[in-house]
Amino acid sequence: MIETREKIDASQLDLKDTVVNISRVTKVVKGGKNLSFSALVVVGDGRGVVGFGVGKAKEVPSAIKKGIEAAKKSLIRVPLNGTTVPHPVLGRFGAGQVLLKPAPDGTGIIAGAGVRAVVESCGVQNVLTKSIGSANPHNVVRATFQALTELRDPAAVRRLRGKEEQEPAAVTNG
């Protein structure tokens, strides 16, 4: 099933940004070392739209600003089931894997820093997560995004399969 991602206009949304990671990076050149900063930023509206970006500059505020601009260009819409994700999903990127599982109301966000920033910005309030493999914030955030893009809305899946909406069958003990 090939899907084209819809273009989301960032100017019409009330986006909040979260800085996930700031790294001091050095480039060794002929005359010595060039110091700069890399910022990993996540933006989201808290209602199912989220994006991430990386910015690099000589000063931290400039790097964050560039990261926010990049994040606004990579926005995705995530199907939510109330305050949680519709079904369990595993996202992979590089050596990082992130497992997202739905959770009942009152559970909260059980997640590490990188995953927490992404799911909070997305608007998820109850979710269980497990980061497997890489602890690199860039890989964890990208794996989380990959997991969120794989989420499917249950109603849309029912329509694709030609099933009509119905109440779950009552289980009888026989």
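Select T84 and A103: a polar atom of the T84 side chain lies 3.2 Å from the backbone nitrogen of A103. This is a polar contact (a pair of N or O atoms within 3.5 Å; within protein, one must be able to donate a hydrogen and the other to accept it, and residues adjacent in sequence count only if both atoms are side-chain atoms). The model is predicted: local features need pLDDT of at least 70, side-chain atom pairs count only at pLDDT 80 or more, and totals for chains, interfaces and linings use all residues. Residues are numbered from 1 along each chain as its sequence is written, and side-chain values use heavy atoms, with hydrogens and water left out.

Stay on T84, in the loop between β4 (76–77) and β5 (89–93). Helices (H or I, at least four residues) and strands (E, at least two) are DSSP runs, numbered from the N terminus. T84 counts as buried because its relative accessibility is 9%; the cut-offs are under 20% relative accessible area for buried and over 50% for exposed, with partly exposed in between (1.4 Å probe, protein chains only). Show the contacts of T84 (heavy atoms within 4.5 Å): leaving aside neighbours within four places in sequence, they are K101, P102, A103, V124, N126 and V127.

Next, the sheet. Select β5, β6, β8 and β7: these 4 strands form an open sheet in the order β5-β6-β8-β7, with mixed pairing. Two strands pair if DSSP finds at least two bridges between them. β5 and β7 (109–110) are the edge strands, each with a single partner, so one side of each has no neighbour in the sheet. β5 and β6 are antiparallel over 5 bridges; R92 has Q97 in β6 as its bridge partner.

Look along helix α3 (residues 137–150). At its start, a side-chain oxygen of N136 comes within 2.9 Å of the backbone nitrogen of H138. Buried residues of α3 include V140, F145 and L148.

Of its 25 residues, V50, L100 and L148 touch the most other members. The largest share of this core, 6 residues, comes from α3. Select L100: among the residues it touches are V115, V119, A147 and L148.

Note on methods:
Core = buried A, V, L, I, M, F, W, Y, C linked by side-chain atoms within 4.5 Å.
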